[in-house]
Amino acid sequence: MDINFSADIFSVTETELLEPKKYQVVFLNDDFTTKEFVTQVLEVIYHKNNQEAEFLMEKVHQEGSAVVGTYTYDIAATRVNLTIKVAREYGFPLRCEMREA
């Protein structure tokens, strides 16, 4: 099978590919969610090792908030929604939000 392409048929244009916007997931301190629960969420949902999870949990506790990760929009939104869903299922008012990086 022979295919003859003519240069007149196709037009090639240069397109600049942009990196997707990044979003920070921020945990906010509250007086009711246990440190153990926050640490566990950071390990399971955000794939942090125990040392990093404990460091971030303490930062949230002491400073009032901490960035726990930076992701594309879809990943950040999914993790925020999952975090809130799991926290509510366990009866905790843990708050987290997305901010454009």
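Q: How do the axes of H1 and H2 sit, how far apart and at what angle?
A: In this predicted model, the axes of helix H1 (residues 35-44) and helix H2 (residues 50-63) come within 9 Å. They cross at roughly 130°.

Q: Which residues make the contact?
A: From H1, Lys35, Val38, Thr39, Leu42 and Glu43. From H2, Asn50, Ala53, Glu54, Leu56, Met57, Glu58 and His61.

Q: How does the contact of H1 with H2 split by class?
A: Five residues are nonpolar, three are polar and four are charged.

Q: Which residues of H1 are buried?
A: Phe37, Val38, Thr39, Val41 and Leu42.

Q: What do the buried residues of H1 pack against?
A: Strand E1 (22-28), H2, strand E2 (65-72) and helix H3 (73-89).

Q: Let's take Leu42. Why does Leu42 count as buried?
A: Leu42 has a relative accessible area of 1%. Buried means under 20%, so Leu42 qualifies. This residue lies in helix H1.

Q: What is Leu42 in contact with, leaving aside neighbours within four places in sequence?
A: Phe27, His47, Lys48, Ala53, Leu56, Met57 and Val68.

Q: How far apart are Leu42 and Gly69?
A: 27 residues in sequence, and 9.8 Å in space from C-alpha to C-alpha.

Q: On to the loop between H1 and H2. Is Lys48 buried or exposed?
A: Lys48 lies in that loop. Its relative accessibility is 16%, so Lys48 counts as buried.

Q: What does the side chain of Lys48 reach?
A: The backbone oxygen of Val68, at 3.0 Å.

Q: What else does Lys48 touch?
A: Not counting residues up to four places away in sequence, Lys48 touches Leu42, Glu43, Ala53, Leu56, Val68 and Tyr71.

Q: What about His47, buried or exposed?
A: His47 is in the loop between H1 and H2 too. At 58% relative accessibility, His47 counts as exposed.

Q: What is phi of His47?
A: Near 55°. That is a positive value in a residue other than glycine.

Q: Where is Tyr46?
A: Tyr46 is in the loop between H1 and H2. At 3% relative accessibility, Tyr46 counts as buried.

Q: Which residues does Tyr46 touch?
A: Val25, Phe27, Val41, Val68, Tyr71, Arg79, Val80, Thr83 and Cys96. That leaves out residues up to four places away in sequence.

Q: How far apart are the C-alpha atoms of Tyr46 and Val80?
A: They are separated by 10.0 Å. Along the chain, Tyr46 and Val80 are 34 residues apart.

Q: What joins the side chains of Thr83 and Tyr46?
A: A polar contact of 2.8 Å.

Q: Where does Thr83 lie?
A: In helix H3. Thr83 counts as buried, at 0% relative accessibility.

Q: Which residues is Thr83 in contact with?
A: Phe27, Val41, Ile45, Tyr46, Leu94 and Cys96, leaving aside neighbours within four places in sequence.

Q: Switching to the strands. Where is Gln24 found?
A: In strand E1. At 25% relative accessibility, Gln24 counts as partly exposed.

Q: What does Gln24 touch?
A: Val67, Gly69, Thr70, Glu97, Met98, Arg99 and Ala101, not counting residues up to four places away in sequence.

Q: How far apart are Gln24 and Glu97?
A: They are 73 residues apart in sequence. In space, the C-alpha atoms are 8.1 Å apart.

Q: Zooming out, how many helices and strands are in the chain?
A: Three helices and three strands. Read along the sequence, the pattern is β-α-α-β-α-β.

Q: How much of the chain counts as buried?
A: 32% of the 101 residues.

Q: What share of the contacts with a separation of 6 or more comes from residues 24 or more positions apart?
A: 69% in this chain.

Technical notes: Residues are numbered from 1 along each chain as its sequence is written. This is a predicted model: local features need pLDDT of at least 70, side-chain atom pairs count only at pLDDT 80 or more; totals for chains, interfaces and linings use all residues. Side-chain values use heavy atoms; hydrogens and water are left out. Axes are lines fitted to C-alpha atoms, for helices over the stretch in contact, and angles run from 0 to 180 degrees between N-to-C directions. Helices (H or I, at least four residues) and strands (E, at least two) are DSSP runs, numbered from the N terminus. Contact means heavy atoms within 4.5 Å. Ala, Val, Leu, Ile, Met, Phe, Trp, Tyr, Cys and Pro count as nonpolar, Asp, Glu, Lys and Arg as charged, and the others, Gly among them, as polar. Buried means under 20% relative accessible area, exposed over 50%, partly exposed in between (1.4 Å probe, protein chains only). A polar contact is a pair of N or O atoms within 3.5 Å; within protein, one must be able to donate a hydrogen and the other to accept it, and residues adjacent in sequence count only if both atoms are side-chain atoms.
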